[in-house]
Amino acid sequence: MKRLVCSLLLISTFSFADDGYRLWLKYDLINDAANRNAYARSAQFIVLTGTSPVLTSAAHELQAGLQGLLGKSVSIVTNAGNRTGGIVLTVATAPATNAQKLLNDGYQLTSRKAGNLTISGKTDVGVLYGVFALLRQVQTGQSIDNLSVTSNPNIQYRLLNHWDNTNGTIERGYAGESLWKWYELPKTIDPRYRDYARANASLGINGTVVNNVNASARFLTDEYIQKVAALATVFRAYGIRVYLSVYFPAPKTLGSLTNAELKSADPLDPAVRAWWAEKTNEIYKAIPDFGGFLVKANSEGEPGPQDYGRTHADGANMLAEALKPYDGIVLWRAFVYKADPKSDRFKAAYEEFTPLDGTFDKKVIVQVKNGPIDFQPREPFSPLFGNMPKTPLAMEFQITQEYLGFATHWVYEAPLFKECLDTDTHVKDKGTGSTVANVIDGSLHQYAMTAIAGVANTGSDRNWTGNPMAQANWYAYGRLAWDHTLTSENIAREWINMTLTSEPKAVKTITGLMLRSRDIYVSYNTPLGLSRPWAGVHFAPEPWQEKSPRPDWTAIYYHRADSIGLGFDRTATGSNALAQYRPDVQKNWQNPDTCPLPYLLWFHHIPWTKKLTTGRTLWDELCTQFYTGADSVRWMQQQWAEVKPAIDPQIFADVTGRLTTQHKEAIWWRDAWVLYLQTYSKKPIPAPFQKPDRTLDDVKRLSEIYKLR
């Protein structure tokens, strides 16, 4: 029988192409027999010392993982007796073996020679996370002998934000339709829901906002609460709580369904507050572990408390009051800005929220995008971080690649996340713990609650993320949400070993490729601090765009190209947005002669002829960046071709095709920017670069194709 099991595992591992569905939880048979036997000696059986659904999930995940990796059956028992060489799963109810160092979600892995390996947690969820950590050790070829590991999450609430709509579409989704089949729920439970929960639990993600921040009131009807409750039932066994994005005027919208229509959604109206309290009670009856509400209000046309002359704090505190009897929170997004052609959108969130610091209820966390504009390929950190000491701030990263090439371009986002997290806010002297990470993990301001959110890149595509390489961004976000001290390189190596290959040379090559991918993208897309949050087609280059429903949705609003130069002056001579940062941060960016080149055009309007620190003029440096960035995609193609023998053929072919498209589109972006900006600079393209073989009108026509209905 054992021989048959091994044979079937071998067949499943080697006879079928990898379609990417299993993500980093592949659990394929370890090829090296010596290593396999070494692991097997410590994994002869599993002892389950509890019966909760989460512990049961942990035991079954460990059993399935070990049986796949070791090619042998591993039994689950309730008592080891005198046996040794097994793995014990236990909730540490008493402070034994450093259990006092554990937080609620933390875990410990401990092993002794001639004894059993123990996975313990202060809670059953901690044990589950410990199981995945042990499996990660085995998948990446690390020893599990003499383990003594204690791991706690840096951040309390680690969430995915899904921008999924009721009709199955996903705003900024590039991997198919929504995972959630609303019209089939609650009776039909797609197996993908469980696999989604498993993948998130393996990273320590403990919350999911299932619907778009541009919310529909439909989610607050009993019909849809029951659908969400069905998802919550699946997720609960993996330690994941569900949250809802809410439509602020829902009391008015839904009241008409019950002949109890309210005349307003004013957060200070007692009738409105009573409506929210009743609705929240209804939700908790259906979902006892409901996580809370996420709110986008008075932003991009979404209604909110300001419609009634109230503040963001008034709106958030009304919802917090409704949640008071329960263990739920309010996440209130700081992504707000008014359509004012004379203002600087960069400054909007700071101006709206810093005056409200200290006025939010203790159940409220303000959720802030990593940069001050909108998920740009490279952005300075938001000045809100470090400037709201009395209000917990959550980080919002975008995993889905809205401005990073959709699912066509290979961009590893861990360096983007780390660039923000590791930046010093200079709230304290340098080196004393005042990075952006120190803000959101609560250590700088002693926040009572901490949170981080990632806008999900999952969809109905079989491989979950469209581009198989985009799975690494989901993985990297989850790993950094747990431990923001991890490096981009180490996370990449883990993911490659668990997902693509363990062949050393291939791992090294792919790691190098991933670590350079984001900078390559920035070079041909938005070098030197250009930004591009224009409306219309996010996919297509349109630096010439000058008409839009709002001035701050045009391209010219951001790049400010003219006959003199390029860039947005945010110093004291311009919008003075720099004044929102601490003096030491301002010092880094306020002088165009010393401002780091990646942020130069974020903060300065630079003459075309000005010589930069590279020794080239602005125009020549821009051309160099655009051309070498596009050419570097060829290098990516060459690097990928070298690892072909070590990669599953289906995955290899998929990525090869996408890289071919990426190179074509990189040249498209290069040509669009260079030809458009040349109309202002009046400069020739410097040697050795060749003039594009198409005109600006040609490029514009190509972009217009993507606007056709």
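## A walk through the model

Leu 23 sits in the loop that runs between helix H1 (2-14) and helix H2 (33-41); helices here are DSSP runs of H or I with at least four residues, strands are runs of E with at least two, and both are numbered from the N terminus. This is a predicted model, in which local features need pLDDT of at least 70 and side-chain atom pairs count only at pLDDT 80 or more, while totals for chains, interfaces and linings use all residues. Residues are numbered from 1 along each chain as its sequence is written, and side-chain values use heavy atoms, with hydrogens and water left out.

Leu 23 is not a glycine, yet it has a positive phi of about 55°. Leu 23 is buried, with a relative accessible area of 4%; buried means under 20% relative accessible area, exposed over 50%, and partly exposed in between, using a 1.4 Å probe and protein chains only. Tyr 27 lies in the loop between H1 and H2 as well. Tyr 27 also has a positive phi of about 55° without being a glycine, and it is buried at 8% relative accessible area.

One joins Leu 185 and Pro 186, with omega about 5°, and Pro 186 belongs to the loop between strand E7 (157-161) and H5. Another joins Ala 687 and Pro 688, with omega about 10°; Pro 688 is in the loop between H20 and H21.

Now turn to helix H6 (residues 222-236). Its 15 residues should span 21 Å at 1.5 Å a residue, and its end C-alpha atoms are 20 Å apart, which agrees; the expected span is 1.5 Å times one less than the number of residues. Among the buried residues of H6 are Tyr 224, Ile 225, Leu 231 and Phe 235. The buried residues of H6 pack against helix H5 (191-201), strand E9 (241-245) and helix H8 (270-286).

Finally, look inside. The largest nonpolar core has 215 residues, and Leu 89 and Trp 640 have the most contacts inside it. Such a core is a set of buried Ala, Val, Leu, Ile, Met, Phe, Trp, Tyr and Cys residues joined through side-chain atoms within 4.5 Å. Helix H20 (residues 649-681) gives the most to this core, with 13 residues. Apart from this core lies another, of 16 residues, including Tyr 157 and Trp 163.

Definitions and conventions: Contact = heavy atoms within 4.5 Å.
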